[in-house]
Amino acid sequence: MGNTSKGAISMANESAKSAAQNKNIGPVILLGPPGAGKGTQSRRIVEHYGVPQISTGDLLREHVARGTALGLEAKAIMARGELVPDELMYGIVACRLRELDCRNGFVLDGFPRTAAQAGWLDAFLEKAVFENSQKCPLIVIQLLVDYNQLLLRIAGRRSCPTCGRTYNIHTQPPLRDELCDVDGTKLLIREDDREEVIAGRLATYETQTRPVADYYRAQNRLMAIDADRKMEEVTAQIFGVIDGHC
Ligand code: AMP
């Protein structure tokens with residue numbers, strides 16, 4: 001492809017992005033087991049539409065790192081790969097969704113994880129978040145991935161303890177073996193990505209989170225997407241769903 005056409009495509013992408021950034025997309029939920037690509041796809045939505053990503057796993061890890069009372073309570077539960085009790089989650093999520101940057105929408109990553117959390121979220125969105133702006137209904141996208149692919153993806157995940165950048169030794173390896181490209185720090189395996197914990201996390205997903213998909217499916221609000229494809233293809237389909245929505 002010539003430089004002129006590449007330049008034209010990049011300008012078209014930029015102008016699509018800037019149009020997308022002024023859009024009210026409302027709340028977006030990505031559902032899927034650990035390793036389905038929720039984190040990556042969330043970051044892409046964030047970048048394209050300029051809305052915040054709200055990862056309950058990250059919010060909890062922040063509490064653990066700061067040593068708050070909630071963090072102390074959540075730490076052992078998270079290390080076992082179990083779910084933190086709903087009541088603890090509601091406080092953290094409500095607090096975050098009331099922040100101003102959520103007015104044009106947000107991406108929830110890792111929440112809701114139980115049918116009770118889904119019901120709570122509907123009630124919360126009904127009364128709290130969009131009081132002063134145009135209401136845009138929730139978009140619920142389910143990422144579907146084959147079980148063996150999941151095991152491979154999770155077992156390959158590494159992160160940099162210094163800058164937080166994430167890698168996958170199978171699909172997105174660092175340039176130098178197990179070292180961060182940005183600062184050369186030795187990459188780590190997240191405590192709950194250890195092989196002995198993964199099977200438990202997937203089992204927890206099956207038993208507890210499947211009812212969340214069922215909850216939305218029963219109300220015809222679930223959009224299932226095949227996530228066993230290239231990341232870019234999955235992203236394009238997700239953007240299509242969001243653009244055709246509000
Ligand atoms: P994640 O980074 O989303 O995989 O979350 C890491 C861990 O945080 C999970 O294994 C749970 O222990 C906890 N967690 C995150 N989100 C939730 C949630 N919505 N409900 C209960 N526990 C959660």
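**View 1. The residue shell around the ligand.** The shell around the ligand is made up of eight nonpolar, five polar and four charged residues (Ala, Val, Leu, Ile, Met, Phe, Trp, Tyr, Cys and Pro count as nonpolar, Asp, Glu, Lys and Arg as charged, and the others, Gly among them, as polar). This is a predicted model, in which local features need pLDDT of at least 70 and side-chain atom pairs count only at pLDDT 80 or more, while totals for chains, interfaces and linings use all residues. Numbering starts from 1 along each chain as its sequence is written. Of the 17 residues around the ligand, Thr56, Gly57, Leu83, Val84 and Gly110 come nearest (a residue is near a molecule if its C-beta atom, placed from the backbone, lies within 6 Å of it). Helix 3 (56-66) and helix 4 (69-79) are the elements that give two or more residues to this shell (helices are DSSP runs of H or I, at least four residues, numbered from the N terminus). Helix 3 gives the most, with three residues.

**View 2. Helix 3 against helix 4.** The axes of helix 3 and helix 4 are 8 Å apart, and the helices pack at an angle of about 115° (axes are lines fitted to C-alpha atoms over the stretch in contact, and angles run from 0 to 180 degrees between N-to-C directions). Leu60, His63, Val64 and Arg66 of helix 3 meet Leu70, Gly71, Ala74, Lys75 and Met78 of helix 4 (contact: C-beta atoms, placed from the backbone, within 7 Å). By class, this contact has five nonpolar, two polar and two charged residues.

**View 3. Helix 2 against helix 9.** Helix 2 (residues 38-49) and helix 9 (residues 231-243) cross at roughly 55°, their axes coming within 10 Å. The contact residues of helix 2 are Thr40, Gln41, Arg44, Ile45 and His48, and those of helix 9 are Met231, Val234, Thr235, Ile238 and Phe239.

Conventions. Two residues are in contact if their C-beta atoms, placed from the backbone, lie within 7 Å.
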